[in-house]
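Open the model in your viewer and follow the stops below. Each one says what to select and what is there.

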Number of protein chains: 2
Amino acid sequence: MPSTARSAPRDPGGAQRILDAAERLFAERGFDAVAVTEIAAQAGVSKANVFHHFGSKRELYVAAVRAACQQTTALLAPDGGPGEAVRTRLGRFLAGHLEHVHERAGLTRLVVRELLEPGHNGAQELAEKAFGDGFERLVSLIREGQASGELRSEADPAAAALLMIGANVFFFQSRALLPHLPGVDFADDPAAYTRAVTDLLFRGLADDASGRDE
Amino acid sequence: MPSTARSAPRDPGGAQRILDAAERLFAERGFDAVAVTEIAAQAGVSKANVFHHFGSKRELYVAAVRAACQQTTALLAPDGGPGEAVRTRLGRFLAGHLEHVHERAGLTRLVVRELLEPGHNGAQELAEKAFGDGFERLVSLIREGQASGELRSEADPAAAALLMIGANVFFFQSRALLPHLPGVDFADDPAAYTRAVTDLLFRGLADDASGRDE
DNA sequence: GTCTATACAGGGATAGAC
DNA sequence: GTCTATCCCTGTATAGAC
């Protein structure tokens with residue numbers, strides 16, 4: 001692969017420009033609402049050239065999601081380390097994760113859409129990678145809290161982690177619905193939602209002895 | 001509307017047969033993987049006829065989702081009424097909802113996919129209807145429990161309800177992922193997941209005085 | 001090797017006859 | 001209401017120019 005081997009920062013060269021355009025367009029409008037012609041136009045190449053670099057539209061799609069996912073991992077809020085209370089660290093993680101999910105709304109849509117696909121044509125390990133990282137961090141954080149006695153040891157760490165990530169993702173994907181649901185006053189206030197969720201979760205995770213003073 | 005006015009149970013007549021075929025095919029394979037030609041064939045009519053009854057493929061899709069959603073509401077587990085503990089009723093609701101989400105996997109996929117669509121072309125009120133019903137029941141159930149002192153009154157009922165429904169939906173849509181995530185032992189056991197979630201949630205919702213004996 | 005030009009198949013959608 | 005015929009666009013494949 002001579003073209004990418006140079007990896008020059010300027011003038012990314014055909015394939016890279018195609019990938020960039022594809023990532024942007026797919027994130028905006030999904031898979032089928034985007035024509036390869038359009039991607040080619042925005043990348044400044046011809047349509048056939050797209051098929052030359054990536055074998056098919058589907059492969060290009062997978063490549064775009066994969067590229068986007070590689071940036072996901074690093075964007076999560078850093079952890080303060082064992083000096084802080086697990087409760088604080090979990091709260092910051094949740095808030096950061098929710099913010100990240102909304103900031104990169106296009107990517108989030110892509111990944112969730114990929115999850116719903118009946119036949120995971122090679123893009124599954126990918127979504128796995130997208131979620132897996134945050135998930136692992138959460139689980140180990142919870143386990144840490146359980147080991148130190150700050151959190152209830154009977155709670156299932158994996159279930160708790162899934163609940164947290166799911167809370168954020170589901171909030172994201174039902175945003176448009178929330179204003180029309182009764183009793184929802186956090187529709188346009190992610191911070192308020194995170195506060196409510198952490199409140200609910202910590203009262204559930206906190207050991208009897210600790211954590212009743214916030 | 002002379003054709004539907006008869007509403008004869010036999011020989012549903014063109015439009016209805018098209019709708020049935022569309023609902024089945026869309027639920028199985030999603031929007032774009034289905035060709036109008038295929039729907040027409042299964043309905044026993046010509047392609048152009050489909051466009052005559054429903055203006056476009058998209059409109060047909062919306063009509064199919066709407067038709068499917070009308071059955072959703074009634075399928076949720078019935079409520080035992082104020083004779084039972086709110087905790088029991090909530091637990092049963094959650095289990096029933098999760099089961100329903102999986103039983104009608106095709107419909108669930110349709111609705112969730114619809115949520116992700118950037119421009120909600122008239123299908124929003126629909127998804128709203130699909131979720132809104134269960135959501136309202138959950139919120140009022142939680143409020144009831146708060147009024148009776150069984151649940152913490154400071155908790156946000158809407159946030160709790162969203163968390164519960166989100167937990168189920170997210171579990172559904174990440175099923176394929178779960179076996180590859182570390183520490184997950186409920187991947188193929190929805191009942192175990194529901195148990196873990198309710199455990200987490202009730203310790204968070206239960207008032208200090210009550211609910212520490214299960 | 002890298003790109004362009006062109007040809008083909010299949011999909012959604014329309015017009016108009018019965 | 002239903003069909004036949006047709007249009008245009010898109011994904012895909014191939015042939016060939018630099």
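A salt bridge here is a side-chain nitrogen of Lys or Arg within 4 Å of a carboxyl oxygen of Asp or Glu. Keep that in mind while you look between the chains; note too that this is a predicted model.

**Stop 1: the salt bridges.** Search across the interface of chain A and chain B. The rule finds two salt bridges there. For one of them, select Arg152(B) and Asp199(A): their side chains meet at 2.8 Å, N to O. Polar contacts between chain A and chain B come to two residue pairs, both at pLDDT 80 or more.

Stop 2: Now color the elements of chain A that give two or more residues to the side touching chain B. They are H2 (14-29), H7 (105-116), H8 (124-147), H9 (157-173) and H10 (190-205). Zoom in on H9(A), which gives the largest share, 12 residues. Color that side of chain A by class: 31 residues are nonpolar, nine polar and 16 charged.

**Stop 3: the whole interface.** Select both sides. 56 residues of chain A are in contact with 56 residues of chain B. The area buried between the two chains is about 5,000 Å², and carbon and sulfur atoms give 71% of that. Pick out Leu116(A), Phe170(A) and Leu200(A): they supply 15% of the area that chain A buries against chain B, more than any other three residues.

**Stop 4: the core.** Which residues have the most contacts inside the largest nonpolar core? Select Phe186(A) and Phe186(B); that core has 136 residues. Around Phe186(A), show the residues that Phe186(A) touches, including Phe171(A) and Tyr193(A) in chain A, and Asp156(B) and Leu162(B) in chain B.

Methods: Residues are numbered from 1 along each chain as its sequence is written. Chains are lettered from A and ligands numbered from 1 in the order in which they are written. This is a predicted model: local features need pLDDT of at least 70, side-chain atom pairs count only at pLDDT 80 or more; totals for chains, interfaces and linings use all residues. Side-chain values use heavy atoms; hydrogens and water are left out. A nonpolar core is a set of buried Ala, Val, Leu, Ile, Met, Phe, Trp, Tyr and Cys residues joined through side-chain atoms within 4.5 Å. Buried means under 20% relative accessible area, exposed over 50%, partly exposed in between (1.4 Å probe, protein chains only). Contact means heavy atoms within 4.5 Å. Buried area is the accessible area (1.4 Å probe) that two parts lose on being put together, summed over both. A polar contact is a pair of N or O atoms within 3.5 Å; within protein, one must be able to donate a hydrogen and the other to accept it, and residues adjacent in sequence count only if both atoms are side-chain atoms. Helices (H or I, at least four residues) and strands (E, at least two) are DSSP runs, numbered from the N terminus. Ala, Val, Leu, Ile, Met, Phe, Trp, Tyr, Cys and Pro count as nonpolar, Asp, Glu, Lys and Arg as charged, and the others, Gly among them, as polar. Lists of a residue's contacts leave out its neighbours within four places in sequence.
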